[in-house]
Amino acid sequence: MAAGVVTKLQTIVSREIDPDQFAVVTVGSIQAGHTENIISDRAEVRINVRTQNHEVRNRVLASIRRVVKGECEASGATKEPLIEETTKFPLSVNDPEVTNKVFKSFEAFFGDRFDPNTSCSTASEDYSILGSTQGKPCCFWFFGGTDESTWDDAEKKGRVAEDVPVNHSPFFAPVIQPTLGTGIDALCLAALTFLKNP
């Protein structure tokens, strides 16, 4: 039953979401039973959903509920499935005015090491909770943590996605410097952009 749910969940994005929209449905954990010769009476499936707008998110969540309930019913489950949201982060949307000011400070300090053209990200950040609950403008940015020679080598071979571990990989290990220094500089620059005298 749980395996059927997982298989059908993987069709939501391909069959129900407009290709011009962004959505990811990831089954990151499935736990059922403790041994091979006893059929478990329960399964816990943990799903992560990432979208870039509220309408798509609501559509994906409705589809997940429909798929889970439908598969349980089709498999003869004796109980209704329990579906709970365990984590939820608001969309991270940079305020244009704040972002423009921060990016000008970054350009002046970092020079050509600063790239303002970061593509849209699927990061789910609790940072967004702070700004949205307080009604304050936000600006979220990224900075690299990969050893420069590792990145250059992977880029030269066309293997960045394969050879550079990202932050949810068990192999993610940012180099201490210049990562730490860059992060400190960026935070201080952003703060000083708004705290310095006009």
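A: First, a term: helices are DSSP runs of H or I with at least four residues, strands are DSSP runs of E with at least two, and both are numbered from the N terminus. The model is predicted.

Q: Ok. Where do Phe103 and Phe106 lie?

A: Both are in helix 4, which covers residues 96-110. They are three residues apart, or about one turn of the helix.

Q: Why does about one turn matter?

A: An α-helix has 3.6 residues a turn, so residues three or four places apart point the same way.

Q: And are those two buried or exposed?

A: Phe103 is buried, and Phe106 is buried as well.

Q: How many aromatic pairs are there?

A: Ring centres have to lie within 6.5 Å to pair. By that rule there are seven aromatic pairs. Phe103 and Phe106 form a stacked pair, because their ring centres are 6.3 Å apart and their planes meet at 25°, which is under the 30 degrees that stacking requires.

Q: What about Phe106 and Phe110, stacked or edge-to-face?

A: Edge-to-face, because their planes are at 75° and the cut-off is over 60. The centres of these two rings are 5.8 Å apart. Phe106 and Phe110 are four residues apart in helix 4, which puts about one helical turn between them. Both are buried.

Q: Which residues do the ring pairs link into a cluster?

A: Phe103, Phe106, Phe109, Phe110, Phe114 and Trp141.

Q: Switching topic. Which residues in the largest nonpolar core touch the most other members?

A: Leu9, Val60 and Ile64, out of the 14 residues in that core. Two or more residues come from each of helix 1 (2-9), strand 1 (23-31) and helix 3 (54-74). Helix 3 gives the largest share, with seven residues.

Q: What does Leu9 contact, leaving aside its neighbours in sequence?

A: Once residues within four places in sequence are set aside, Leu9 is in contact with Val25, Val27, Ile47, Ile64 and Val67.

Q: What lies apart from that core?

A: Another core, of 11 residues. Its members include Phe106, Phe114, Trp141 and Leu189. Phe106, Phe114 and Trp141 also belong to the ring cluster.

Q: Now helix 8. Which of its residues are buried?

A: Thr179, Thr182, Gly183, Ala186, Leu189, Ala190 and Thr193. Seen down the helix axis, these fall within an arc of 135°, so they line one face of helix 8.

Q: What is on the face turned away from the buried side?

A: The exposed residues Leu187, Leu192 and Leu195.

Q: And what do the buried residues of helix 8 pack against?

A: They pack against helix 4. Ser105, for one, is in helix 4, and it touches Leu189 and Thr193 when residues up to four places away in sequence are not counted. Ser105 is buried because its relative accessible area is 14%, under the 20% cut-off.

Q: How does the span of helix 8 compare with what it should be?

A: Helix 8 has 17 residues (179-195) and should span 24 Å at 1.5 Å a residue. Its end C-alpha atoms are 24 Å apart, which agrees.

Q: One more stop, Thr51. Where is it, and what does it contact?

A: Thr51 is in strand 2, residues 44-51. It counts as buried because its relative accessibility is 11%. Setting aside neighbours within four places in sequence, Thr51 is in contact with Phe22, Ala23, Val56, Arg57, Val60 and Leu91.

Q: What about Arg50, buried or exposed?

A: Buried, because its relative accessibility is 18%. Arg50 is in strand 2 as well, and its side chain makes a polar contact of 2.8 Å with the side chain of Asn48.

Q: And Thr150? Where is that?

A: In helix 6, residues 148-157. Thr150 is partly exposed, because its relative accessible area is 36%, between the 20% and 50% cut-offs. Its C-alpha atom is 7.6 Å from that of Val164, a residue 14 places away along the chain.

Note on methods:
Residues are numbered from 1 along each chain as its sequence is written. This is a predicted model: local features need pLDDT of at least 70, side-chain atom pairs count only at pLDDT 80 or more; totals for chains, interfaces and linings use all residues. Side-chain values use heavy atoms; hydrogens and water are left out. A nonpolar core is a set of buried Ala, Val, Leu, Ile, Met, Phe, Trp, Tyr and Cys residues joined through side-chain atoms within 4.5 Å. Buried means under 20% relative accessible area, exposed over 50%, partly exposed in between (1.4 Å probe, protein chains only). Contact means heavy atoms within 4.5 Å. Rings of Phe, Tyr and Trp (its six-membered ring) pair if their centres lie within 6.5 Å; planes under 30 degrees apart count as stacked, over 60 as edge-to-face and the rest as tilted. The expected span of a helix is 1.5 Å times one less than its number of residues. The arc is that of the directions from the helix axis to the C-beta atoms. A polar contact is a pair of N or O atoms within 3.5 Å; within protein, one must be able to donate a hydrogen and the other to accept it, and residues adjacent in sequence count only if both atoms are side-chain atoms.
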